[in-house]
Amino acid sequence: MRNQTRALTRAVGCCLIFWMTTAAAQAPRAPSSAQPVPSNPSAPAPQQQRAAVPAQAAPSDTGGAVVRYEVQPSDVLQVSVWKDPELTQQVLVRPDGAFSFPLAGEINAVGKTVEELRRELVDRLGRYIPNVVLTVTVLEIRGNKIYVIGQVNQPGEFVVNPRVDVMQALSLAGGTTAFASTGEIFVLRRDNGQQRRLPFNFDAVLRGRDLEQNVLLRTGDVVVVP
């Protein structure tokens, strides 16, 4: 009888220990102080958040492809004046680089960004309209043209947005022909009325050498493939 009682007591004790162990394992744990729970459930986990990347200055002609766009003749602009539909209109930049706008008169646009034009219009219209709010956008880019001539498959003029380098221009022209002197390509560029010649060795750039030759083209540049 004593042996049966001891066996029963031992079995009950084992069951109790097993139940306590299981309950402890299933109990929720408080979050660690090293990994705080975000207050917003939709916020990404800390390890998924990325630090902000500092802004970089616009590259030069030998840099990357991201540059600010400067308005050119033949471009079509949209000037929108808040709460004034009569002053909201499209304007065409004339061949002389200017356009006319009511109350503002003649605006010289060539070589300026849309933000610079916006500030100038705000300054002029502000004389007649207090606290004027307006935006300037480019509807059509027609004036940013480069030219590729000579031994290419599709010579002609190309409207680019915003700018391309020499290799990209050759690609737009369908590439060089079998008769092209690819080591003697050059770019004709006019600066302050003076024309200069920029050499371009296609073979070297294709092999990753002399990459400084692969300049960003400016409006009016002519790529010549002899």
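Predicted model: local features only at pLDDT ≥ 70, side-chain atom pairs only at ≥ 80, totals over all residues.
Tyr 147 has Val 222 as its bridge partner in strand S10.

Five strands form an open sheet. Their order is S7-S6-S10-S8-S9, and the pairing is mixed. Strand S7 (156-159) and strand S9 (194-200) stand at the edges. Each has a single partner strand, so one side of each is left without a neighbour in the sheet. Neighbouring strands of this sheet are turned by 25 degrees against each other on average, direction ignored.

Strands of a sheet pair through backbone hydrogen bonds, either parallel or antiparallel. Strand S10 shows both senses. With strand S6 (residues 145-150), S10 pairs in the parallel sense over four bridges. With strand S8 (residues 185-191), S10 runs antiparallel, and three bridges join the two.

Some bridge partners are listed here.

| Residue | Bridge partner in S10 |
|---|---|
| Tyr 147 | Val 222 |
| Val 148 | Val 223 |
| Phe 186 | Val 224 |

**Strand S10**

Which way do the valines of strand S10 (residues 222-225) point? Val 222 and Val 224 point one way. Val 223 and Val 225 point the other way. All four residues are buried.

**The largest pocket**

About 210 Å³ of space lies in the largest pocket. Its lining includes Arg 68, Tyr 69, Glu 70 and Gln 72. Val 110, Gly 111, Asn 144 and Arg 163 are also among the lining residues. Leu 217, Arg 218 and Thr 219 line the pocket too. By class, the lining has three nonpolar, four polar and four charged residues.

Definitions and conventions
Residues numbered from 1 in each chain as written. Heavy atoms only, no water. Buried < 20%, exposed > 50% of the residue type's maximum accessible area, 1.4 Å probe, protein only. Pairing = 2+ DSSP bridges. 1 Å grid on protein atoms, 1.4 Å probe; cavity = no way out; pocket = protein on both sides within 12 Å on 5 of 7 lines; lining within 4 Å. Points joined across faces, edges and corners; volume = space filled by probe spheres on them. Nonpolar A, V, L, I, M, F, W, Y, C, P; charged D, E, K, R; others polar. Axes fitted to C-alpha atoms, helices over the stretch in contact; angles between N-to-C directions.
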